Amino acid sequence: MTDKPVTLAVIIGAHGVTGEVRLKLFGEGPDTLKGYGGFTAAGRMLTLQSVRPGPNGAVARFAEIGDRGAAEALRGTELTVPRSALPPLAEGEYYHVDLIGLPCTSSTGEALGAIVAVENFGAGDIIEVERPNGKRFMVTMQAVTLGDGGAIIDAAFAE
């Protein structure tokens, strides 16, 4: 496992005039951000002072952002932490970031490509696999077995 940065939220705009920002969250909710305290954002560190539920996700205040102009300038900025800062997982759980780039083979041994995205449209996680020829297909996680160094996809789902 590498210690690559993991995006937990994105600043989507300013909230008010005092430097608060609106966040789009990629986790379980605003309270999960409290355990980190600091985030890397566009090459600099931001220190979390407060976070609460808000429109489209959360509203946060960072020590380094003092006014609306500074908040607006960060629109689109990802808030990341090192992978090693994430809490440990229970058996059978995974972080999406750990799946991206995993090589995939079918249950019959055919090399399929690599995972390029993990989506969830409401009924559970779906992985997107890119074949060596550039074509992509999606498969539900129920048809995937994660193993050391790769994913095995039930051949019936491997297009």
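1. Two strands count as paired if DSSP finds at least two bridges between them. Keep that cut-off in mind for the strands below. The model is predicted.

2. Start with strand β8, residues 111-120, and strand β9, residues 125-130. Six bridges link β8 and β9, so they pass the cut-off of at least two. The two strands run antiparallel.

3. Now place β8 and β9 in their sheet. The sheet is open and has six strands. Read across, the order is β10-β9-β8-β7-β12-β11. Pairing within this sheet is mixed. Which strands form the edges? They are β10, residues 136-140, and β11, residues 144-147. Each of these pairs on one side only. From one strand to the next, the twist averages 35 degrees.

4. Turn to strand β1, residues 5-15. How many bridges join β1 to β2? There are six, and the two strands run antiparallel. Strand β2 covers residues 20-25. Ala-9 has Leu-25 in β2 as its bridge partner.

5. Look at the turn between β1 and β2. The two strands form a hairpin, with four residues between them. Gly-16 lies in that turn, and its phi is positive, at about 80 degrees.

6. β1 also pairs with strand β6, residues 78-82. Here the sense is antiparallel, over five bridges. Find Thr-7 in the model: opposite it, in β6, stands Thr-80.

How values were computed:
Residues are numbered from 1 along each chain as its sequence is written. This is a predicted model: local features need pLDDT of at least 70, side-chain atom pairs count only at pLDDT 80 or more; totals for chains, interfaces and linings use all residues. Side-chain values use heavy atoms; hydrogens and water are left out. Axes are lines fitted to C-alpha atoms, for helices over the stretch in contact, and angles run from 0 to 180 degrees between N-to-C directions.
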